[in-house]
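Thanks for coming. I will show one structure and go through it briefly; please have a look at it first.

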Amino acid sequence: MMDLLSSLTLAVAMITLAAIPGPGIFVVLSQTTKYGLARGSCCIAGIFFGDYIYIALALAGLTALSSTMGQLFVVIQYAGAAYLIFLGLSLLRHSKEPETNKKQGKSVLNGPLQAFAAGLLTTLSNPKAILFYASLFPSLVQLDRLNTIDIAIIYAITTLCVGGVMLSYASASLYLNSRSLARSSNWQAYLASALMVGAGIYLLVRS
């Protein structure tokens, strides 16, 4: 059973992992900058849902799984990176369309589902997340001694810590946008596209 010290240690590790600048933050900032906090929140939900998947795999033995499915993890990494770059370029192309076309919702990023998928694939393809859950996570949590309550606590810690950090970044982005003199939608689209493509390139390089 997890004690208070183990829970706090895991929480600190989760906060640190989420706060380190990386593709997850870039994608959240991209969605929030262009579409607002609601869309950014959908992306954040996708990010910690990806964490949920890795926690489940870790509980099932991610270290052994990664050794037997190493090529699959590589495919996931490259697919996620390519998807983010595709979304970023699509957003850039959409920003150059006439306003009448934009209102018809032709953008690839025209709904919460795309934002959720972007967040999910970012986590699943992030080498930092794979390394954390395959090596560091088992050392922080005694996986063979967990019960149902412990597992629920782990998921709650993940939701609060990862979600809290990402929401802080998203809120800060909104505040900076509101204070900026460059308020045009094109400027926001260029920034959002650059962040999205940058996240994809980061994942490609790290992969």
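In which hand, left or right, does α3 pass α7? The crossing of α3 and α7 is right-handed. Keep in mind that this is a predicted model. Two packed helices are described by the angle between their axes and the distance between those axes. For α3 and α7, the axes cross at roughly 35 degrees and come within 7 Å. On the α3 side, the residues in contact include Cys 42, Cys 43, Gly 46, Phe 49, Gly 50 and Ile 53. On the α7 side, Ala 115, Phe 116, Gly 119 and Leu 120 are among them. Sorted by class, this contact has twelve nonpolar, four polar and two charged residues.

Now the chain as a whole. The protein chain has ten helices and zero strands. Of its 207 residues, 44% count as buried. Among contacts with a separation of 6 or more, 84% are between residues 24 or more positions apart. The accessible surface comes to about 10,000 Å², and 69% of that belongs to carbon and sulfur atoms.

Next, the core. The largest nonpolar core has 36 residues, and the members that touch the most others are Leu 10, Met 14, Phe 137 and Ile 154. Both α3 and α7 give two or more residues to this core, as do α1, α2, α8 and α9.

Which residues does Leu 10 touch, leaving aside those up to four places away in sequence? They are Met 2, Phe 137, Leu 140, Val 141, Ile 154 and Ile 157.

That is what I have on this one.

Definitions and conventions: Residues numbered from 1 in each chain as written. Predicted model: local features only at pLDDT ≥ 70, side-chain atom pairs only at ≥ 80, totals over all residues. Heavy atoms only, no water. Helix = DSSP H or I, 4+ residues; strand = E, 2+ residues; numbered from the N terminus. Buried < 20%, exposed > 50% of the residue type's maximum accessible area, 1.4 Å probe, protein only. Contact = heavy atoms within 4.5 Å. Areas by Shrake-Rupley, 256 points an atom, 1.4 Å probe, with all protein chains shown as cover. Core = buried A, V, L, I, M, F, W, Y, C linked by side-chain atoms within 4.5 Å. Axes fitted to C-alpha atoms, helices over the stretch in contact; angles between N-to-C directions. Left-handed = near helix turned anticlockwise from the far one by under 90°. Nonpolar A, V, L, I, M, F, W, Y, C, P; charged D, E, K, R; others polar.
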